[in-house]
Amino acid sequence: MLIGSDLINQDSETYFIAEIGSNFDGSMKRALRLIDIAKDCGANAVKFQHYTAETLVSDNGFRNLGKQLSHQKEWTGSVFEVYNKASLNKEWTKELHQYSKSKGLGFLTSPYSKELIDYTAEFLDAIKIGSGDITWTEIIEYSAKQNKPILLGTGASDINEVDDAVKAITKHNNQFCIMQCNTNYEGKKEDFKYQNLNVLKEYKKRYPNALLGLSCHMPGHLSVLASVSLGAKIIEKHFTDDNSRPGPDHKFAMNPESWENMVQETRNLESLLGDRIKKIEKNEIDTSVVQRRSIRLRENMMKGETIQMQNLEILRPCPRDALKPSEIELVIGKKLKKNLKKGDAISKNDI
């Protein structure tokens with residue numbers, strides 16, 4: 001998958017998307033500042049959300065629920081009012097895109113209507129399908145037709161719904177990432193048990209042509225490290241400069257310190273995971289000499305003598321030219337080309 005100028009594949013570094021979302025708090029100046037901070041903290045891309053309250057939520061529908069649920073119960077104001085206040089002015093899109101590009105960052109959004117897809121597509125390096133729209137296959141197909149990489153959030157869904165969404169994408173587009181997600185924004189540590197990151201194993205088996213990813217709302221970065229170890233290549237986390245600010249997304253977002261720590265720990269993990277090629281590593285070369293055993297003489301022997309099993313012992317160290325214990329059949333019954341002393345290691349050149 002190519003997001004902007006960044007190629008993402010199984011051998012690339014983990015790609016980090018800083019979800020600014022609504023954390024710009026209605027201010028273009030804050031949006032630009034958050035882009036700056038995200039870049040400084042190691043993000044590869046920034047992401048916003050394009051919606052209007054009218055095209056996203058039913059004011060009457062939420063009021064008829066009788067009460068605000070989940071993380072929304074802490075919101076001051078109705079759901080419609082909060083979304084209306086948090087929405088991004090679409091006229092800012094070009095400037096946000098250009099500024100992100102000037103910082104070397106990818107630019108993404110979740111456009112929540114066909115009209116907004118049409119408006120934003122030319123500015124986007126990829127389109128994110130939010131988990132809440134996973135059953136709206138019409139909008140998924142419409143997004144997939146834009147010739148942009150698709151990132152599919154799969155929170156609060158079952159495998160049949162994910163299958164249907166993937167089918168909708170792959171009718172038109174083969175560049176896509178399936179992101180495991182737990183769509184709960186309360187950020188409680190006891191919710192670790194609901195993250196179900198092993199679903200990534202099922203996704204890898206079920207959708208072998210997809211990249212794997214994680215869209216996460218949990219505090220800290222343990223889930224990120226676990227996901228990367230399971231094959232996730234794209235990570236999306238909400239980002240703010242201050243968790244104490246009022247607003248729907250600040251509380252559970254990563255801040256500059258925690259974001260930078262997450263990126264650094266992931267780079268450490270990537271270094272630990274290595275390249276999948278089993279070999280003697282550079283820092284093991286000397287150890288392979290001092291820890292391994294070699295074939296050695298139990299007694300002094302003269303040139304021309306035939307080597308028998310009783311003449312040999314298997315002891316450390318194993319110089320680089322010495323024969324290994326597994327090569328003992330190369331030695332038995334062979335004649336020495338030169339005199340060797342008790343304790344000498346035997347090499348191919350000696351027999």
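I count rings of Phe, Tyr and Trp (its six-membered ring) as a pair if their centres lie within 6.5 Å; planes under 30 degrees apart are stacked, over 60 edge-to-face, the rest tilted. The model is predicted, so I need pLDDT of at least 70 for local features and 80 or more for side-chain atom pairs, while totals for chains, interfaces and linings use all residues. Numbering starts from 1 along each chain as its sequence is written, and side-chain values use heavy atoms, without hydrogens or water.

I looked up the clusters. Ring pairs join Phe 24, Phe 48, Trp 92 and Phe 107 into one.

I counted 10 aromatic pairs by this rule. Tyr 51 and Tyr 83 have ring centres 5.6 Å apart and planes at 85°, so I log them as edge-to-face. Tyr 51 sits in the loop between β4 (45–50) and α2 (53–56), and Tyr 83 in helix α4 (residues 79–86), so this pair ties together parts 32 residues apart in sequence. I took helices (H or I, at least four residues) and strands (E, at least two) as DSSP runs, numbered from the N terminus.

I then checked Tyr 51 against Tyr 112. This pair is also edge-to-face, 6.2 Å centre to centre with 70° between the planes. Tyr 112 lies in the loop between β5 (106–111) and α6 (114–120), so the pair ties together parts 61 residues apart in sequence.

Are Tyr 51 and Tyr 112 buried or exposed? Tyr 51 is buried at 6% relative accessible area. Tyr 112 is buried at 15%. I used under 20% for buried, over 50% for exposed and partly exposed in between (1.4 Å probe, protein chains only).
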